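Please read the following explanation with the sequence and the structure side by side.

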Amino acid sequence: MSMAAESAAPALDVQRVREDFPILHQSVHGCPLAFLDNAASAQRPAAVIDAVSEYYRRDHANVHRGVHTLSHRATDAYEGAREKVRAFVGAASTREIVFTRGTTEAINLVAASLGAELRQGDEILISHMEHHSNIVPWQLLCERTGAVLKVAPIDADGTLRLDDMLAMLSARTRLVGITHVSNALGTVNPVEAIVQAAHARDVPVLVDGAQATLHARVNVQQLGCDFYAFSGHKMCGPTGIGVLYGREDRLEQMPPWQGGGEMILTVSFSETVYNQLPYKFEAGTPNIAGAIGLGAAIDYLEGIGLERIAAYEQRLLAYLTERLGEVQGMRLIGTAEAKAGVQSFLLGDIHPHDLGTVLDHKGVAIRTGHHCAMPVMELFGIPGTARASIAFYNTEQEVDQLIEALQVAQELLG
Amino acid sequence: MNDDLRDIYRQRVLQHSRQPENRRRPSHANREAVGFNPLCGDKVTVYLDQHADTLDDVAFEGTGCAISIASASMMTQALRGRPTADARAAIAAITAMLDGQTVDTPVWLQELRALENVRDYPSRVKCAVLPWRALEGALDQKTESITTE
């Protein structure tokens with residue numbers, strides 16, 4: 001993930017981009033909405049809303065079932081979305097693209113399926129900055145199998161201690177789970193280096209890409225990872241749809257994790273033959289509209305260009321961090337060199353929840369709390385933070401609005 | 001400009017949050033319970049020194065937002081020296097008030113009215129309720145932490 005990507009194409013025209021997002025044009029408590037909670041969930045352009053609506057208005061039927069026209073249309077659109085996802089992440093084949101409910105389900109799929117092979121004393125290695133969704137599935141797996149969860153440390157600025165993590169790879173390591181971009185700290189992790197070291201020991205690597213795919217170009221073959229999990233709603237697509245990319249040879253060896261329709265070729269009471277990839281992992285009627293909406297989101301993002309988005313966001317993140325740093329009493333949490341999209345902070349002794357309420361009154365939406373990363377908060381010795389997270393449709397004016405609102409909070413509560 | 005914010009952050013609330021009353025661990029408490037808000041990770045421990053049917057001492061420790069700390073401070077101040085039955089009645093009255101119900105509050109509970117407008121902020125009601133849940137746990141002698149969920 002090249003965060004410094006500069007594009008030869010003209011810079012992103014943010015005012016034009018904003019026209020594509022109906023939700024951004026509203027007032028909250030009498031102030032223009034400044035939506036800076038994109039790491040929790042990004043907003044949708046009209047193109048995505050329309051694609052989902054059109055599908056329901058014109059094309060809906062179950063997929064891979066009927067011989068009738070609507071079923072064909074729905075199947076074509078659903079499988080067309082799979083191809084868009086494949087191209088978007090640079091996978092070799094659509095057989096490697098499994099639709100899930102989201103990142104969480106994708107990780108749970110791997111934990112359930114790959115985990116079937118785990119034995120007492122085997123190890124799973126993750127980092128201290130993981131989201132709960134890349135911690136708890138492994139804890140559950142460890143409980144079931146007697147495997148041990150190992151946690152690689154991070155520095156005070158939120159940088160992964162790569163050498164320590166690599167030193168924790170052992171003959172018993174069965175999987176490495178690592179977030180591409182930390183949701184609480186914004187740190188971009190050196191996934192390629194981790195993959196290289198893990199593969200030298202034939203250990204598969206799962207990357208939690210939930211916070212990455214909106215902010216820069218992701219190429220799974222370049223990363224070399226075995227699994228890459230991400231969510232539609234964090235990249236301008238619908239909620240309830242996500243993706244597990246899995247390298248074909250890995251997925252082939254893994255047993256199904258849920259049984260039902262769609263994931264079978266033939267069923268009898270003596271023997272059931274499972275379907276081929278990726279359907280082996282998609283039991284039941286899938287989230288067809290969600291996949292189509294995700295496909296539309298990918299079209300939209302590609303239309304702007306991920307490189308342009310990355311370049312714009314890096315500038316805006318730098319502006320956000322700089323302006324926050326000017327506020328008296330500001331403590332920035334997560335100041336790693338390589339970052340994307342997110343800045344966590346604390347202001348004096350003001351509790352993040354109080355900040356959140358005051359900011360909301362000024363039209364500014366941020367996230368407050370532990371961000372589903374309680375171990376990170378524990379490490380910093382705090383119950384939670386305030387977190388501003390940007391997308392390519394945010395502006396410097398919105399950052400200014402945040403700073404003004406923080407000053408109001410300071411006057412009132414400081 | 002900030003009048004609407006003053007609805008929730010009233011002067012009394014801010015005073016109590018900045019300089020909370022009874023934020024300490026009493027030397028001889030005989031009841032205690034921890035209240036936990038999993039939404040934000042805030043924790044408040046409420047201590048009681050109960051003899052016969054009187055709360056000789058009520059105190060708290062913990063971290064929290066302005067709303068939860070003010071609520072804890074006002075709660076301990078209102079209940080110190082009062083009959084245990086009053087604590088039960090207060091829990092019912094304050095949770096009903098924050099739930100948007102019309103309630104009569106006795107004079108000794110009047111100060112808690114400063115938190116009344118929190119009910120207009122659904123995501124913050126749990127903050128105000130947190131110490132009261134802990135109080136309830138202490139009265140019930142619960143050993144597990146009480147969550148606001």
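This is a predicted model: local features need pLDDT of at least 70, side-chain atom pairs count only at pLDDT 80 or more; totals for chains, interfaces and linings use all residues.

**From chain B to a strand of chain A**

Followed from the N terminus, the elements of chain B come in the order α-α-β-β-β-α-α-α-β. The radius of gyration of chain B is 14 Å, close to the 15 Å that the globule rule gives for 149 residues, so chain B is as compact as a globular protein of that length. Along its principal axes, the C-alpha trace of chain B spans about 50 × 35 × 25 Å.

The interior of chain B can be described in two further ways. Of its 149 residues, 45% count as buried, and among the contacts in chain B between residues at least 6 apart in sequence, 64% join residues that are at least 24 apart.

The next step is the place where the chains touch. Chain B contributes 16 residues to the contact and chain A contributes 16 residues. On the side of chain B that touches chain A, the elements that give two or more residues are helix H1 (3–8) and helix H5 (122–139) of chain B. Of the elements on that side, H1(B) gives the most, with three residues. By residue type, the side of chain B that touches chain A divides into nine nonpolar, four polar and three charged residues.

In chain A, the strand to look at is E10, which covers residues 242–246. How many of the residues of strand E10 of chain A are buried? Five of its five residues are, and the strand is accordingly described as mostly covered. Gly242(A), Leu244(A) and Gly246(A) point one way from E10(A), while Val243(A) and Tyr245(A) point the other way, and the residues on both sides are buried.

Which strands are joined to E10(A) by bridges? One of them is strand E4 of chain A (residues 97–100), which runs antiparallel to E10(A) and is joined to it by four bridges. Another is strand E9 of chain A (residues 227–231), also antiparallel to E10(A), with five bridges between the two. Val243(A) is itself among the buried residues of E10(A).

Terms used. Residues are numbered from 1 along each chain as its sequence is written. Chains are lettered from A and ligands numbered from 1 in the order in which they are written. A residue is buried if 20 or more other C-beta atoms lie within 10 Å of its own, exposed if 12 or fewer, and partly exposed in between; C-beta atoms are placed from the backbone. Two strands pair if DSSP finds at least two bridges between them. Two residues are in contact if their C-beta atoms, placed from the backbone, lie within 7 Å. Ala, Val, Leu, Ile, Met, Phe, Trp, Tyr, Cys and Pro count as nonpolar, Asp, Glu, Lys and Arg as charged, and the others, Gly among them, as polar. The radius of gyration is taken over C-alpha atoms; the globule rule is 2.2 Å times the number of residues to the power 0.38.
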